[in-house]
Amino acid sequence: MSLSLPLPSPDAKALSDHLLSQIIAEIKANLSISFARYMELALYTPQFGYYRNGLKKLGKEGDFVTAPEISPLFSYCLANQCAAILRELQGGDILEFGAGTGVMAADILIALKKQKQLPDHYYILELSAALKTTQMETIQKKIPELLDKVIWLEALPSKPIQGIMLANEVLDAMPVNLFKNNNGIKECAVTLDDNNALALCIAEKDNFELISAINKYGVEFSENYMSEINLYLPGWMKSISDTLSRGVVLIIDYGFLRHEYYHPNRTQGTLMCHYQHHSHSNPLVFPGIQDITAHVDFTAVIESAENNNLKIVGFANQATFLINCDLLSFIDNTLDEKNRFNQNRQVMTLTSPNEMGELFKVMGLTKNYEAELLGFQRVW
């Protein structure tokens, strides 16, 4: 392996090797698999996939850090937005997709309790048993009196809810199909090379769903241009709309509108991997123990939302959204010098264009809800 990555622990390597053997077996049975299928196996295979196993993912001992882990100020700002919506709705629920360590849920509940604007329920849709346990421990530690308000789900509620859906760094973890402009749009697949190692190739059969979707975009790609498309997004958006009777969906993720996503200079796409705080672009190493992500095409999000009776009411970079949600009001000027420095550093990480402030975007979708959203005032 040419990448300069840390070696996994024996337990992590054993887990990855087991998953790799399953992936290889499926490839041998089919000669190749789509990249989307490979990504699905690498991330979501029960017990062994990255988001289904018990290995640490967040924080210093994991592979990456998300905004709620950086500072509670992020969650307090989201809570301000949630409080305004819950007041307008005269009550409702919050549903968070993939709650990580549970710190965002806990901090949102802390802030909403202070504002006397708690939801009826705080649902967490979580597929990982290990993360569910961590989330319970986090909430029990930070706000134990509200633990009974939190309900864990393994699927979307069977009955539509009124309230707010939160998807923080969810869409970037959806499996994507890879394609390459090789004398026309061709799907990329995962196969085995002569050494029985994973390798990318051009799929033998055309994926007409992929080709049709790309052609509808009307983008002219240079020869050998390579990128991704999320074909799961329309189905996900339909499930969101079916589950929300009235309220708001807030999507927070890194990505671009389509003209920038498929920029002529972005010839290798946006695929990125995270392993022990090392970022690299080879998704075929260490399956199950490294994160695999792709940036979000927010134009595709808009199109899917509008096709499913959801209204786009706001789109802003993370810095603007947080400031509109009164980020500066949460700064504690009574802290000592060391803690004040740390707080300022956290604010800079969340809002600086060189950090998360510009790359991360926030999109607001509504259904049967007409009030202006706090986070998008003055920008939409």
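**Close-up views of a predicted model**

View 1. At 0% relative accessibility, M165 counts as buried, since buried means under 20% relative accessible area. The structure shown is a predicted model. M165 belongs to strand β5, which covers residues 161–168. Leaving aside residues up to four places away in sequence, M165 touches L95, F97, I240, T243, L244, V248, V249 and L250. E260 is 95 residues from M165 in sequence, and their C-alpha atoms are 27 Å apart in space.

**View 2. T366 in strand β16.** Strand β16 is made of residues 360–367 and contains T366. Is T366 buried or exposed? With a relative accessible area of 2%, T366 is buried. A polar atom of the T366 side chain lies 3.5 Å from the backbone oxygen of Y369. Residues up to four places away in sequence are not counted in the next list: T366 touches G247, V248, N309, L310, K311 and V313.

**View 3. Helices α5 and α6.** Helix α5 consists of residues 103–114 and helix α6 of residues 129–142. The two helices pack at an angle of about 30°, and their axes are 8 Å apart. Angles under 35 degrees count as roughly parallel, and α5 and α6 are therefore roughly parallel to each other. Their crossing is right-handed. Which residues of α5 meet which residues of α6? On the α5 side they are V103, A105, A106, D107 and I110, and on the α6 side T138, I139 and K142. Sorted by class, this contact has five nonpolar residues, one polar residue and two charged residues.

**View 4. Q90 in the loop between α4 and β2.** Most residues other than glycine have a negative phi. Q90 is not glycine, yet its phi is positive, near 60°. The loop that holds Q90 runs between α4 (72–89) and β2 (93–97). Q90 has a relative accessible area of 77% and is exposed, as the cut-off for exposed is over 50%.

**View 5. N196 in the loop between β7 and β8.** N196 is a residue other than glycine with a positive phi, near 65°. N196 is placed in the loop between β7 (185–192) and β8 (198–202). How is N196 classed by accessibility? The relative accessibility of N196 is 37%, and N196 counts as partly exposed.

Terms used
Residues are numbered from 1 along each chain as its sequence is written. This is a predicted model: local features need pLDDT of at least 70, side-chain atom pairs count only at pLDDT 80 or more; totals for chains, interfaces and linings use all residues. Side-chain values use heavy atoms; hydrogens and water are left out. Axes are lines fitted to C-alpha atoms, for helices over the stretch in contact, and angles run from 0 to 180 degrees between N-to-C directions. Helices (H or I, at least four residues) and strands (E, at least two) are DSSP runs, numbered from the N terminus. Angles under 35 degrees count as roughly parallel, over 145 as roughly antiparallel, 65 to 115 as roughly perpendicular and the rest as oblique. A crossing is left-handed if the near helix is turned anticlockwise from the far one by less than a right angle, and right-handed if clockwise. Contact means heavy atoms within 4.5 Å. Ala, Val, Leu, Ile, Met, Phe, Trp, Tyr, Cys and Pro count as nonpolar, Asp, Glu, Lys and Arg as charged, and the others, Gly among them, as polar. Buried means under 20% relative accessible area, exposed over 50%, partly exposed in between (1.4 Å probe, protein chains only). A polar contact is a pair of N or O atoms within 3.5 Å; within protein, one must be able to donate a hydrogen and the other to accept it, and residues adjacent in sequence count only if both atoms are side-chain atoms.
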